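I opened my notebook to record how the parts of one protein model are held against each other. Each entry below gives what I looked up and what I found.

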Amino acid sequence: MFNILIVEDDKNIQKLMTEVLITDGYKVTSAFNGIEALDVLEQKQIDLIILDIMMPKMNGFEFAKTLKNNNAFIPILVITARHLLEDKKKAFTLGVDDYMIKPVEEEEMLLRIKALLRRSNNTSEHTLKIGNITLNYNELSIKTNKENIYLPKKEFYILYKLLTNPNTIYTRFQLMEEFWGYDTESETHTVSVHINRIRSKIDYIEEFKILTIHGLGYKAVIYEK
């Protein structure tokens, strides 16, 4: 799952962007200024940055310059209220990859994000091979010797998460938080429903299984042939 860092000091805008990105299947990390964002980059693997310009402590220009000086090749999408050509020139000179002016259309933002991720060649790495089974993150598909299985987004993302970390137990709350977000009104039994749907579609696959760990949550087990 791609991890996107939102660097935005407006709490409402940050919250809205987070909801849109999580709904579209991304993992989201947030920071309120460039200083906080640099701390995040030291601790987490980030695939793309959404960057505001006007922020306290360290603004977007200073942040982009710092990344450029440190040879950090992470795609940056600027989303800002600053609309002057001079601002755009400065941003692109500092290594920004794309530039949008607030307010933005959610669908256009998502299209630009996908394009930037493709361009960075990160998408080509998002496949997982287990024996004769291949999971393709971009296609939401499971390729077997018999057929290609296509899953709905959340079902695929949950399965991919479990299989990339086999034998790791994830609680319902952890999965809920990651794939539905902090503010969801759904209940944790929703996770169980999705797990059961996944199982019903992959029950004949022998290379791996999703196990219920009673009282704790779920884990994936991979069986070597």
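Entry 1, the interface. How many residue pairs are in polar contact across the interface of domain 1 and domain 2? I found two residue pairs, both at pLDDT 80 or more, where a polar contact is a pair of N or O atoms within 3.5 Å; within protein, one must be able to donate a hydrogen and the other to accept it, and residues adjacent in sequence count only if both atoms are side-chain atoms. I noted that the largest share of the side of domain 1 that touches domain 2, four residues, comes from helix α1 (residues 11-23), with helices (H or I, at least four residues) and strands (E, at least two) being DSSP runs numbered from the N terminus.

Before going on, I wrote down that this is a predicted model, in which local features need pLDDT of at least 70 and side-chain atom pairs count only at pLDDT 80 or more, while totals for chains, interfaces and linings use all residues. Residues are numbered from 1 along each chain as its sequence is written, and side-chain values use heavy atoms, with hydrogens and water left out.

I looked up the division of the protein chain, which gives domain 1 (3-123) and domain 2 (127-222), the bounds coming from an automatic or database domain assignment. The centres of the two domains, taken over C-alpha atoms, are 29 Å apart. Eight residues of domain 1 are in contact with ten residues of domain 2, contact meaning heavy atoms within 4.5 Å. Between them the domains bury about 640 Å², 40% of it on carbon and sulfur atoms; buried area is the accessible area (1.4 Å probe) that two parts lose on being put together, summed over both.

Across the interface of domain 1 and domain 2 the rule finds one salt bridge, that is, a side-chain nitrogen of Lys or Arg within 4 Å of a carboxyl oxygen of Asp or Glu. The side chains of K153 and D24 meet in a salt bridge, with 2.9 Å from N to O. I placed D24 in the loop between α1 and β2 (27-31), and at 14% relative accessibility D24 counts as buried (buried means under 20% relative accessible area, exposed over 50%, partly exposed in between, with a 1.4 Å probe and protein chains only). Leaving out residues up to four places away in sequence, D24 touches L110, K114, K153 and Y157.

The structure holds eight salt bridges. One of them joins the side chains of K102 and E8 at 2.8 Å, N to O. K102 lies in the loop between β5 (98-101) and α5 (106-119) and E8 in the loop between β1 (3-7) and α1, so this pair ties together parts that are 94 residues apart in sequence. K102 is partly exposed at 23% relative accessibility, whereas E8 is buried at 2%. I also noted that E8, D52 and K102 are linked in a network of salt bridges.

E155 lies in helix α6 (residues 153-164) and K201 in helix α8 (residues 189-202), so the pair ties together parts that are 46 residues apart in sequence. E155 counts as buried at 2% relative accessibility, and K201 as partly exposed at 30%.
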